Amino acid sequence: MLGQTLEPVQISDFWAAERQLRTVFPPSPLLSISPLDQKLGYPVYLKAESLLPSAAYKFRGATNKITTLMKEHGKDIRIVTASSGNHGMACALAANRLGIQAAVVVPVPTPQMKKDAIRALGADLLEIGETYDESFIAACELAEKEGRFYVHPVADRYTVAGQGTITLEILQQLPDVEQVIVPLGGGGLITGISFAMKQLRPSVKIVGVMPEGSAVYYHSRKAGKLLTLDKCASIADACVRKTGEEYLFPYIEANVDDIVTVTEDSIRQAVKTACLYGKLTLEGAAAMPLASLLEGKCQPCANTVLICSGGNIDQTVLEDCLKA
């Protein structure tokens, strides 16, 4: 597909991505919040990706990929992507800042605040399909029809490298890190974090967390092959996928130590706990690492980092979680 790079990821890609990203935004903070530690009964660190310019980690991969495309093909390129929301917002923001045209295809159920933000940033928004998988097909057709460069939300060498800059920051901010707990949806975030960490600090444990209602990589690991789910649904809309990515699955199997699932109730409780005690407003996917601790699916250890991947949550969903 025009624009997508499926070459093997190299550790040098992460350093190059960091150089590009540091001209755009500083590292996200790594927070130690005492009220949350008291609530849990042990300390944790929050990697607050929700405080990036697009309010989610996706801005890393989108900025790195689009900047790389412009260097290779010039400033007159047009891009298109499919997204459940956060990647679309990130692409729209990056394209807006770089002065290029972007089209974003999202599933109809995408949270309204994400759709409004994409439009406000000047991208052409197309609402097609009920799931990301259906939106992806439509975006690929648009890329082929109009000769646009496709910016894949997860399966791309330069997108993965952008997300993996989180590892470089963690190693600077917490050199003694022992465990990183990561939301797992499409797989780009955990692929970048785990690949870089296993190259640079292989002793650090990497755990992926998926919602029970959309746990394709969890079930694929058990089956020993990449599966496609019959159906999927979750309050963690950013992680809803029927199938995983062939490009990413081998990286996940090689570098992710464990994959666990969490219930919808525990995700809601985690959103509430993060807001009231962690002082961060998180969407469902971003709260899943905390949910895994609340549910006892992950065990705390010294210097555990939770990747708080994004804060783009609809008001009605947030209000529902606060009532949980």
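I count two residues as in contact when they have heavy atoms within 4.5 Å. With that in hand I looked up how far along the sequence the contacts reach. Of the contacts in the chain with a separation of 6 or more, 74% are between residues 24 or more positions apart. I note here that the model is predicted.

**Entry: the whole chain**

I looked up the secondary structure and found 13 helices and ten strands in the chain. The radius of gyration is 18 Å, close to the 20 Å that the globule rule gives for 324 residues, so the chain is as compact as a globular protein of that length. I then took the box along the principal axes, and the C-alpha atoms fill roughly 55 × 40 × 40 Å.

Next I looked up burial. Of the 324 residues, 61% are buried. The chain exposes about 12400 Å², and carbon and sulfur atoms supply 51% of that area.

**Entry: cavities**

Rolling a probe the size of a water molecule over the atoms shows where empty space is left. How many cavities of 30 Å³ or more are there? I find two.

The largest cavity holds about 200 Å³ of space. I counted 24 residues in its lining, and Tyr57, Lys58, Gly186, Ala238 and Cys239 lie nearest its centre. I also asked which elements contribute. Both α4 (86–98) and α8 (188–200) supply at least two residues of this lining. The largest share, three residues, comes from α8. By class, the lining of the largest cavity has ten nonpolar, eleven polar and three charged residues.

The second largest cavity holds about 50 Å³.

**Entry: the largest pocket**

I turned from cavities to pockets. The largest pocket has a volume of about 300 Å³. It is lined by 19 residues, and the closest to its centre are Pro109, Thr110, Pro111, Ser234 and Asp237. The lining of this pocket has nine nonpolar, six polar and four charged residues.

**Entry: the loop between α12 and β10**

I looked up two residues in this loop. Glycine 296 is placed in the loop between α12 and β10.

Asparagine 303 is not a glycine, yet I find a positive phi of about 60°.

**Entry: alanine 55**

Most residues other than glycine have a negative phi. Where is alanine 55 found? I place it in the loop between β2 (45–48) and α3 (58–73). Alanine 55 has a relative accessible area of 18%. Buried means under 20%, so alanine 55 goes down as buried.

Technical notes:
Residues are numbered from 1 along each chain as its sequence is written. This is a predicted model: local features need pLDDT of at least 70, side-chain atom pairs count only at pLDDT 80 or more; totals for chains, interfaces and linings use all residues. Side-chain values use heavy atoms; hydrogens and water are left out. On a 1 Å grid over the protein atoms alone, a cavity is a set of points where a 1.4 Å probe fits but cannot get out, and a pocket is an open set with protein on both sides within 12 Å along at least five of seven lines; lining residues have an atom within 4 Å of a point. Grid points are joined across faces, edges and corners, and a volume is the space filled by probe spheres set on the points. Helices (H or I, at least four residues) and strands (E, at least two) are DSSP runs, numbered from the N terminus. Ala, Val, Leu, Ile, Met, Phe, Trp, Tyr, Cys and Pro count as nonpolar, Asp, Glu, Lys and Arg as charged, and the others, Gly among them, as polar. The radius of gyration is taken over C-alpha atoms; the globule rule is 2.2 Å times the number of residues to the power 0.38. Buried means under 20% relative accessible area, exposed over 50%, partly exposed in between (1.4 Å probe, protein chains only). Accessible areas come from the Shrake-Rupley method with a 1.4 Å probe; for residues, only the protein chains shown count as cover.
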